[in-house]
Amino acid sequence: MIPDTSKPGVIRRTLQGMLLLASGRRDGMACFDSTLDAFGAALAPQLAFLVVGLMQVFLQTDKIMALIKVLLSLCVTLLPAVVSHFYAQRWGRGVLWLRYITAATWCNWVVVLISLAATLMAALLFPAIAQQPGFMAALVMTAAIYELWLQWFVARVGLNISGGRAFVLYASVLLATLALYGLAALLPPHYKVLTDLLQPMIVMNNS
């Protein structure tokens, strides 16, 4: 079978792979290519947002803090690739790494899209529930738990490793991310990440 390398074909296979993996189907991994170009394409949307953020730095009052936020976001975007590559090489799974990290990067958008869809549906169908103070908190918690499972599953399938090793890999990514934000909070000018994360829920609860 000759693979469809046209742009519409690649987009279709990527969406199919995301949906299959999101529903716990191992065969979704075969929808992703194992090339640097494929990984670059998976990173492109996140990097585009970072470029926009970098351009907006000059419009902010506190330019240093705005720049720190962009740099932190860049580090957090690249951390999964760095950490997973280390473990893939250590466990003899280097040949599987490119396909895995491509799939894992695309699957980050699954949680975002599901959260947006759930918020819109709740606002349209059950507006009274959507306006409850605990709705957003419950949605964020549910999305976080699902993201943990999805990234664990993609690591287990993509690198062909045990569930325990997949847990170690993703836990390492989370710990490295927390360490970065912890350093940013401790060192001047003291970026308060929790304030930024909780701001949307505060705004919604006050509206």
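A polar contact is a pair of N or O atoms within 3.5 Å; within protein, one must be able to donate a hydrogen and the other to accept it, and residues adjacent in sequence count only if both atoms are side-chain atoms. We will meet that term at two places below. The model is predicted, so local features need pLDDT of at least 70 and side-chain atom pairs count only at pLDDT 80 or more, while totals for chains, interfaces and linings use all residues. Residues are numbered from 1 along each chain as its sequence is written, and side-chain values use heavy atoms, with hydrogens and water left out.

Let us start with the whole protein chain. Its secondary structure comes to eight helices and zero strands, where helices (H or I, at least four residues) and strands (E, at least two) are DSSP runs numbered from the N terminus. Along the sequence the pattern reads α-α-α-α-α-α-α-α. The chain has 207 residues, and 34% of them are buried; buried means under 20% relative accessible area, exposed over 50%, and partly exposed in between (1.4 Å probe, protein chains only). The chain exposes about 12800 Å², with carbon and sulfur atoms supplying 72% of that area, as given by the Shrake-Rupley method with a 1.4 Å probe. Of the contacts (heavy atoms within 4.5 Å) with a separation of 6 or more, 69% are between residues 24 or more positions apart.

Now look at one pair of helices. Helix α2 (residues 36–56) packs against helix α3 (residues 63–90) at an angle of about 170 degrees, and their axes are 9 Å apart. Axes here are lines fitted to C-alpha atoms, for helices over the stretch in contact, and angles run from 0 to 180 degrees between N-to-C directions. That angle makes α2 roughly antiparallel to α3, because angles over 145 degrees count as roughly antiparallel. The α2 side of the contact includes Phe39, Leu43 and Leu47, and the α3 side includes Leu67, Val70 and Leu74. By class, this contact has ten nonpolar, four polar and no charged residues. Here Ala, Val, Leu, Ile, Met, Phe, Trp, Tyr, Cys and Pro count as nonpolar, Asp, Glu, Lys and Arg as charged, and the others, Gly among them, as polar.

Next comes helix α4 (residues 97–125), where serine 115 is found. Threonine 102 lies in helix α4 too. At 1% relative accessibility, threonine 102 counts as buried. A polar atom of its side chain lies 2.7 Å from the backbone oxygen of leucine 98. Not counting residues up to four places away in sequence, threonine 102 touches Phe32, Asp33, Thr35, Ala38, Phe39 and Ala42. Serine 115 counts as buried because its relative accessibility is 18%. Beyond its neighbours within four places in sequence, serine 115 is in contact with Leu139 and Ala143.

Finally, visit two loops. Arginine 25 sits in the loop between α1 (7–22) and α2, and its relative accessibility of 42% makes it partly exposed. Its side chain joins that of aspartate 27 through a polar contact of 2.9 Å. Setting aside residues up to four places away in sequence, arginine 25 touches Leu20 and Phe153. Arginine 25 and valine 157 are 132 residues apart in sequence, yet 9.4 Å apart in space, C-alpha to C-alpha.

The other loop lies between α6 (133–158) and α7 (163–186) and holds asparagine 160, which is partly exposed at 48% relative accessibility. Most residues other than glycine have a negative phi. Asparagine 160, although not a glycine, has a positive phi of about 55 degrees.

Conventions: Parallel < 35°, antiparallel > 145°, perpendicular 65-115°, else oblique.
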